[in-house]
Amino acid sequence: ADIRVFRVKNKVWYGGGADLTPYYLFDDDVKEWHAFWHSLCGDYSVKLYPRFKRWCDEYFYLHLREERRGVGGIFFDDLSPDTENDYDPHLFCRAVADAFEQSWNPIVERRRNILYTEKQKRWQLLRRGRYLEFNLLHDRGVKFGLTPESIERVMVSAPPLIAWEYGLSEPEPGTDESKLLNVLRGEARG
């Protein structure tokens with residue numbers, strides 16, 4: 001999750017969100033994740049979840065690869081008390097920040113003791129490379145321009161271990177890896 005607030009003179013606006021980027025797909029995790037954020041958004045306005053889910057699906061998209069970075073969640077930017085009339089964006093952002101562990105911890109607890117092979121670990125590192133690829137090529141914050149300080153912020157947002165492989169071939173059809181890619185390249189879930 002990422003939540004931010006910008007204040008310039010007497011103007012304030014908010015942005016952030018929470019998206020799930022699994023390396024192996026567990027349908028119950030995806031359903032639970034989306035249900036959690038649907039419920040939280042609904043506490044503020046029934047309009048928020050469809051709007052912010054769609055925004056997430058569109059924003060976290062790797063256009064050249066024609067795939068989403070993950071299975072979605074919520075994303076929002078440029079929210080202002082001046083434009084958001086049916087809820088308080090400050091309180092909403094606070095709730096998103098406070099709720100992230102509640103959305104994430106059950107998934108971690110279910111999956112933390114799963115043993116992975118070296119091949120599966122390599123897949124994880126390659127998928128993490130997609131995360132950094134998005135941050136370097138598509139993230140709105142990077143498009144403002146890089147400075148020595150901002151490079152540090154971009155790199156610190158990356159997973160600590162990643163891999164990238166030139167000319168990476170597609171996973172074998174029917175594998176867990178191809179199942180994930182089919183979802184990332186197909187219809188958004190949630």
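Does Phe134 count as buried or exposed, and at what relative accessibility? Phe134 counts as buried, at 0% relative accessibility. Buried here means under 20% relative accessible area, exposed means over 50%, and partly exposed lies in between (1.4 Å probe, protein chains only).

## Basis of the report

This is a predicted model, in which local features need pLDDT of at least 70 and side-chain atom pairs count only at pLDDT 80 or more, while totals for chains, interfaces and linings use all residues. Residues are numbered from 1 along each chain as its sequence is written, and side-chain values use heavy atoms, with hydrogens and water left out.

Helices (H or I, at least four residues) and strands (E, at least two) are DSSP runs, numbered from the N terminus. Two strands pair if DSSP finds at least two bridges between them. Strand E1 (residues 2-8) runs antiparallel to E2, and seven bridges join them. Val5 stands opposite Tyr14 in E2. E1 and E2 form a hairpin with two residues between them. Lys9, in the turn, has a positive phi of about 55 degrees.

Strand E2 (residues 11-20) is also joined to E5, by six bridges, and these two strands run antiparallel. Gly17 stands opposite Phe75 in E5, and Asp19 has Gly73 in E5 as its bridge partner. Seven of the ten residues of E2 are buried, so E2 is largely enclosed by the rest of the structure. Strand E5 (residues 72-79) is mostly covered, with seven of its eight residues buried.

## Nonpolar cores

A nonpolar core is a set of buried Ala, Val, Leu, Ile, Met, Phe, Trp, Tyr and Cys residues joined through side-chain atoms within 4.5 Å. The largest nonpolar core has 30 residues, of which Trp37, Phe52, Ile74, Phe76 and Phe92 touch the most other members. The elements that give two or more residues to this core are E2, H1 (27-42), H2 (48-59), E5, H3 (89-111) and H7 (176-185). Helix H3 gives the most to this core, with six residues. A second, separate core of six residues includes Tyr59, Phe60, Phe75 and Phe134.

Contact means heavy atoms within 4.5 Å. Not counting residues up to four places away in sequence, Phe76 touches Ile3, Arg4, Gly15, Gly16, Gly17, Phe52, Trp55, Phe92, Cys93 and Val96.

## Aromatic pairs

Rings of Phe, Tyr and Trp (its six-membered ring) pair if their centres lie within 6.5 Å; planes under 30 degrees apart count as stacked, over 60 as edge-to-face and the rest as tilted. The structure holds 19 aromatic pairs. Phe52 and Trp55 form a tilted pair, at 6.2 Å centre to centre with 50 degrees between the planes. These two residues are three apart in helix H2, so about one helical turn separates them. Phe52 is buried, with a relative accessible area of 0%, whereas Trp55 is partly exposed, with a relative accessible area of 25%.

The rings of Tyr59 and Phe134 are edge-to-face, because their centres are 5.4 Å apart and their planes lie at 75 degrees. This pair links distant parts of the chain: Tyr59 is in helix H2 and Phe134 in helix H4 (residues 118-137), 75 residues apart. Tyr59 is buried, with a relative accessible area of 17%. Ring pairs link a cluster whose members include Phe52, Trp55, Tyr59, Phe76 and Phe134.
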